[in-house]
Amino acid sequence: MTITETNLNLMAHLMRRAGFGADRDELEHRVANGYEATVDELLHPEQQIPVDYYEFLRYFPNWWKPGTMGGRGHAGWVWRMINTRAPLQEKLCLFYHQIFATGVSKVDHYDEIEDMIDMFRENGLGHYKTILMEVAKNPAMIYWLDNHENHATSINENWGRELLELFTMGIGNYTETDVQECSRAFTGWTLTHKLPRFHMGRWDWEFEYRPDDHDNGEKTFLGQTGNFNGEEIIDIILAQPATATFIARHLFSFFVEDEPQVPSWSVTPPNNPEAVDAIANVLFESDYHIGTTLKFILNADFFKESLFAKVKNPTEVVIGTLRLVGNTERPSPETMDWAIDITNMGQDLLNPPSVEGWHTGIEWINSGTLMKRTNFTAELMGDLTRPGVKNIMGRLKSVEASPDAIVTACLNLMGPLDVEDDIKKELIEHAETFGPFDWDNDSDNENAAAVASEIIQLIVALREYQFA
Amino acid sequence: MTGGNDYLNTVVPHSDPLYRDYRPSVGVLDEDVLRLDDQVGFHPAMAPIQKMYQDGDVAIIHGVGYENSPRSHFRSMDIWHTCEPDTLGTEGWLARVIRDIDPHKENVITAVSMGPALFRALVGPGIPVATVENIDSYGMLTGLTPEEKLSRVLSRYRRMYSPAIGTGPVMDYLGQTGLDALEGADILSAAPANYSSSIEYADSSVAKKLKGIAQIHLAGLGSRIFYLDHSGFDTHADQVVTHARLWEEVSTAIRDFFDDLESHDAADNVVMFLFSEFGRRVHDNGGGTDHGAGGVCLAIGKGVKGGQYGEYPSTRPSDLDQGDLIPATDFRSVYSTLVEDWMGLDAVSVVGGNFEKPEFILK
């Protein structure tokens, strides 16, 4: 495939959505391979050399089961995202973590939530039923939503309600009685080795099914009656078209275009009902096979036409910048700082504010988080010692040393990013304030690089740069 | 109090014989209740609030909520934030208050949201809100050096964020947020430097946020509305321990906050309002309580007419709705009191209707 502006834009779009962005060398390489081939490659993480997590653990041995590691237990995952060669795999972990939002604020030990993320990594491209079954048996989720307190003699509705409201169907598609019947079916789904903590640490949690604490009575759930257990409940849920539509809307909102917040879905139709219906159909027909569905989405016209229709989430801001500037691959104290940077922008990974996950889209942005995004990105992009920044400067040297040409090239290399004419005019005017510059010799180079660097810092501070 | 604060264990109906029947596992023991009168008392972790109640500075508004509670955290919180129980509200009730207070946007820090989140109650088109997580590091592009470069870049930033016509609501929102952030940071930078206090705040996230609020309030920058939350009230399990910890944190933080303001002679013009998205199920589930309906609100401050407003909802089984207390007071009526009697604004346009007001503000 030849490298045209259209191809490059589209590939940059694909990599922003199905990954964490890509530098220009990678984009050109991928364009040469072709779009569909790239989608297929992203959908086959098993063909890539996996991240060697032991490298991270050699630097940070305490992150093997990070326990209550204050606020930084997600650093290992952050390091994986920086280094992965299978970015869609990690992106999907983020997708599922947003839906099955489980937090250390209550679970208390990061290890157990990490196990859930590992499960997403392993099963993310498979059937949604597998994810649901694994989540239902995941000790962190059981504890987070109190299913260990859901007993045959006295139900606890927390898991039963959120399974229906947030993980599968959405409000308006079931009754309060369905919530209770669903909860009854999951009685006895509990965990072991919960407490007490032993003086040498804590036993790992494990799923345990206790038949003696399971309510074996007849249940009537979504119009069907029988002696249902949890798996049958999940089968009944997945047979509802409402479930396919709900999951489709989640996929659309995460990969294609920001939707309103989940709580409003029961009263607000999708932005693009045809696309959501089309995704729902593929889900339903494929037994909720996420890989098949993603292949459909990423090759669909509605996806290819959705450039910059999403506000970057904080993880995308941080990981995208780190992968772009480079020299960020080795585990270091900076890795820890970067993990905290994501938190400070409003996305405390492994510790979402509630089971609803984060409010996304434009709600990522407020005056405080906008500052943090801008400050973080501008600082790294302004570091001329970073290989990725050097690489950008190297490419700029082949461009004519005029304000207009430099601004055009910077916008291209930072996206390609399309901005309004008056914004471009401002950037050109800014470059002009430096007087003449060129790339002719070393001292000129330094001067020109300072101009280009400041232009890039202004670009990453732009409104337009907040979109993916 | 995010998560659904348990009304029955916050303001305990200790003389109600049914309370013991409903709460075999998580009931507050009779001898532990901090009695307010012969009917109700506070949770034992609320001693600082009990003292303020005895001083006449706490109003308890009983049985607050709205009809047909969806028992969903998120939908409920949306309804509380927007005053729109039936449709999707896009504008927060406090955003309308901010617009009424400052229609010409003369002060970008009229409202401060203690971040990282910007609460939906404050969100509305064109409404500036400073979202501050840590007031000490609040500033745009602070890493740029030297000073000359910083001011050059910031002045360009200002030009590029200025309103561009016809680019859509999202870009407008971003543009305004960027400009408000720049201006707000300039104003707020003075606050921590001018603050000193003899009060040592308790070590909790809610105390830190309240301390930040005190700093901004004491700086006299014209901020009128501060918003913060404390989460974890979703006590389906382990309620006895969790609920006590949460109220310990909230109560001591509130005490420290008002002590701080009083020591600066600046407490008279502050009313604090506490709510939660819903109360919890009347019957406990063995270790905690599930989602319910009617809840309780508190208003605290020197401007508050202390006491109790409304009736405690009946706990008789036949009076419960699917096991939950039926709220008798619409949350919008409580908002109306705050908007009209405290802020001196018209409540009808803010809450979307006429609601009878509980009169808990001193006239």
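## A three-stranded sheet in chain B

In this predicted model, three strands of chain B form an open, antiparallel sheet with the strand order 1-3-2. Strand 1 (11-12) and strand 2 (34-35) of chain B lie at the edges, and each has a single partner strand, so one side of each is left without a neighbour in the sheet.

Strands of a sheet pair through backbone hydrogen bonds, in either a parallel or an antiparallel manner. Strand 2 of chain B pairs with strand 3 (residues 41-42) of chain B in the antiparallel sense, over two bridges. Opposite Leu34(B) stands Phe42(B), a residue of strand 3 of chain B.

## Overall form of chain B

Chain B contains 12 helices and 11 strands. Its radius of gyration is 21 Å, close to the 21 Å given by the globule rule for 363 residues, so chain B is as compact as a globular protein of that length. Along the principal axes, the C-alpha atoms of chain B fill a box of roughly 70 × 45 × 40 Å.

Of the 363 residues in chain B, 53% are buried. Among the contacts in chain B with a separation of 6 or more, 69% join residues 24 or more positions apart.

## The largest nonpolar core

The largest nonpolar core comprises 235 residues, and Ile279(A), Ile455(A) and Leu122(B) have the most contacts inside it. Helix 14 (residues 241-256) of chain A gives the most to this core, supplying nine residues.

When residues up to four places away in sequence are not counted, Leu122(B) touches Gly92(B), Leu94(B), Ala95(B), Ala111(B), Ser113(B), Val129(B) and Tyr227(B).

## The contact between chains A and B

The contact takes 46 residues from chain A and 52 residues from chain B. On the chain A side, helix 11 (158-168), helix 20 (367-381), helix 23 (421-432) and helix 24 (442-460) each supply at least two residues. Helix 20 of chain A gives the most to that side, with nine residues. The chain A residues that touch chain B divide into 15 nonpolar, 19 polar and 12 charged.

## A buried arginine in chain A

Arg72(A) is found in the loop between helix 4 (53-59) and helix 5 (75-83) of chain A. Arg72(A) counts as buried because it has 20 C-beta neighbours inside 10 Å.

Leaving aside neighbours within four places in sequence, Arg72(A) is in contact with Met336(A), Ala339(A) and Ile340(A). Arg72(A) and Ile340(A) are 268 residues apart along the chain, yet their C-alpha atoms are separated by 6.7 Å.

Definitions and conventions: Residues numbered from 1 in each chain as written. Chains lettered and ligands numbered in written order. Predicted model: local features only at pLDDT ≥ 70, side-chain atom pairs only at ≥ 80, totals over all residues. Contact = placed C-beta atoms within 7 Å. Helix = DSSP H or I, 4+ residues; strand = E, 2+ residues; numbered from the N terminus. Nonpolar A, V, L, I, M, F, W, Y, C, P; charged D, E, K, R; others polar. Buried ≥ 20, exposed ≤ 12 C-beta atoms within 10 Å, placed from the backbone. Core = buried A, V, L, I, M, F, W, Y, C linked by C-beta atoms within 7 Å. Pairing = 2+ DSSP bridges. Rg over C-alpha atoms; globule rule 2.2 N^0.38 Å.
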